[in-house]
Amino acid sequence: MATVHLRIGDLIVSPPKDLKKPRGKKCFFVKFFGTEDHAWIKVEQLKPYHPHKEEMIKINKGKRFQQAVDAVEEYLKKAKGKDQVRIFTDLWSCFLLGFSHCLLILIIVYCLKKDTGSTSIQAADSTAINGSITPTDKRIGFLGLGLMGSGVVSNLLKMGHVVTVWNRTAEKCDLFIQEGARLGRTPAEVVSMCDITFSCVSDPKAARDLVLGPSGVLQGIRPGKCYVEMSTVDPETITELAQVITSRGGRFLEAPVSGSQQLSNDGMLVIVAAGDRSVYEDCSSCFQAMGKTSFFIGEAGNAARMMLILNMVQGSFMATIAEGLTLAQATGQSQQTFLDILCQGQMASTFVDQKCQNILQGNFKPDYYLKHIQKDLRLAISMGDSVNHPTPMAAAANEVYKRAKALDQSDNDMSAVYRAYIH
C-alpha cells in the first residue's frame, strides 16, 4: 500500500517508523505547523479549512497562530486552490496528544508517494468529509443513468464538474439537463465532446454494445480521449474493451463501484480502479465527488475480479440473512427479535439493519437490483471455474437468486431473495 505523506509548504514529511498507525482506524499522519510534533489523526477530526477558519481565529488570537494562518494563506496562493487543506479542530484530543491549541492549523495536502507496488488509496475520502472539492477543468461525459449512474452524475454536477450525459432512454436525461448537464445525442458524440467519459450499464453485453455498437464509444475515440468503465462486468470484457479503446489511441480505466443507490446519491461509493494510472489521477476530483474512497489496484481486469469477489460475498451474505429470517419464522421465533439480537452482535451493520427492516416491512424498492447481484454471482462462479477454484457457497446462493428471479423478483431489491424461501 502506498504511503500517505503530508506536505507543509515545500516540506514533505512521512510517518516515523516507530510511530504505529492505530489498527482498524481511518487515520492520516499529520505534522503540526512550526513544531516537531506528529501523530495519526482520525479523518473525522479533520475539518475543511475555509468553513472553519473564522471560528478558529476567534478561539486562537496568539501571534504564533496568526503566523500559521498567514502561512496557510500564502501556501494556498501558490497552490492556486488545487490542494486539500484541513484543520484539526478536536481541542480535547489535541490536549491529550500534548499539542498546544494555538497550533491547530494544518496544511493537509494528501498526496501519494509513487509506490513501487500496484495498490494505492486515494486519500481525499468523500464529499461528506471534504466539504467541497476543486473540480477538474476537463470535460466529463457520462453514459448510463440507472440506479448508480444517476447519483454519480448528480454529485458530479453538485461539485461543479462540466458533464455531458447520454442514456438509452433519453427522458432520463431531462432532470440532469435542468441541473446544468449538457445532452449528448449518441455515445460517440459524448466521447468526441469530452476529455473523460464514464459509463455505467447493467452487464457485459450492454457494456460491449455501448462501445462497439452503432454510434458507439469507439467511433468517438481519438488519441488522448479517456474512457472509464464503471460497470461490474467480467475481466474478459474489460480486457476486450481496453484493447479496442487503446488501439484507437484512447486511454482506458476500469472503475466499478461498491455500494447502492442510496450510497451513490450520498456520494459515498467505494471505487475500485485499474488500468491506466494517469487516467485514475485525472479522475481524482470526480472520484472524490462520487465516492468516499477509491483504490487503484494495477492492470485492467483486476478491478473486475475484485468487484466480483466483493459482490459474491455480499450476495451470499444477503441470501443467508434471508434464510435466517425465514427459519426464525418457521420455528415460531420472532423475526424482529432475531434482527434485534443480530444487530447487537458482531455482525451488526447498517446493511443488515436496513435490509432486514425492509424485508419485515415488505419494502423491496430497488437499492441494488436482484437481477444484478445474481449476474455478479454468476460471473464470480465462472471466474472461479476459470482458475479451478471452488465457490460452493456462491453457487448455492446463486440458485436461491435464480429461484427469486423465477418468482418475478428481478427488478426488486436484492433483499427480495427472501421471497424465494417463502414460496
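A residue is taken as buried when its relative accessible area is under 20%. In the predicted model described here, Leu269 has a relative accessibility of 0% and therefore counts as buried. This residue lies in strand E16, and the strand itself, spanning residues 269-275, has five of its seven residues buried, so E16 is largely enclosed by the rest of the structure.

The contacts of Leu269 were examined with residues up to four places away in sequence left out. Under that condition Leu269 touches Met148 and Val152, together with Val257, Ser258, Gly259, Ser260, Leu263 and Ser264. Its contacts also include Met290, Gly291, Lys292 and Thr293.

Strand E16 takes part in several pairings. With strand E17 (residues 291-297), E16 pairs in the parallel sense over five bridges, and within this pairing Leu269 stands opposite Gly291. Strand E15 (residues 257-258) is joined to E16 by two bridges in an antiparallel arrangement, where Val257 is placed opposite Ile271. Strand E14 (residues 251-254) likewise runs antiparallel to E16 and is connected to it by two bridges; here Leu253 stands opposite Gly275. In a regular strand, side chains alternate between the two faces of the sheet.

Attention now turns to the helices. In helix H8 (residues 204-212), the buried residues include Pro204, Ala207, Leu210 and Val211. These four positions cover an arc of only 130° around the axis, and they therefore lie on the same side of H8. An α-helix has 3.6 residues a turn, so residues three or four places apart point the same way. The N-terminal end of H8 is capped by Asp203, a side-chain oxygen of which lies 3.2 Å from the backbone nitrogen of Lys205.

A helix pair is formed by H15 (residues 335-342) and H16 (residues 350-361), whose axes come within 11 Å and cross at roughly 175°. Because angles over 145 degrees count as roughly antiparallel, this crossing makes H15 roughly antiparallel to H16. On the H15 side, the residues that meet H16 are Gln335, Gln336, Leu339 and Leu342. Their counterparts in H16 are Val352, Asp353, Cys356, Gln357 and Leu360.

Methods: Residues are numbered from 1 along each chain as its sequence is written. This is a predicted model: local features need pLDDT of at least 70, side-chain atom pairs count only at pLDDT 80 or more; totals for chains, interfaces and linings use all residues. Side-chain values use heavy atoms; hydrogens and water are left out. Buried means under 20% relative accessible area, exposed over 50%, partly exposed in between (1.4 Å probe, protein chains only). Two strands pair if DSSP finds at least two bridges between them. The arc is that of the directions from the helix axis to the C-beta atoms. A polar contact is a pair of N or O atoms within 3.5 Å; within protein, one must be able to donate a hydrogen and the other to accept it, and residues adjacent in sequence count only if both atoms are side-chain atoms. Axes are lines fitted to C-alpha atoms, for helices over the stretch in contact, and angles run from 0 to 180 degrees between N-to-C directions. Angles under 35 degrees count as roughly parallel, over 145 as roughly antiparallel, 65 to 115 as roughly perpendicular and the rest as oblique. Contact means heavy atoms within 4.5 Å.
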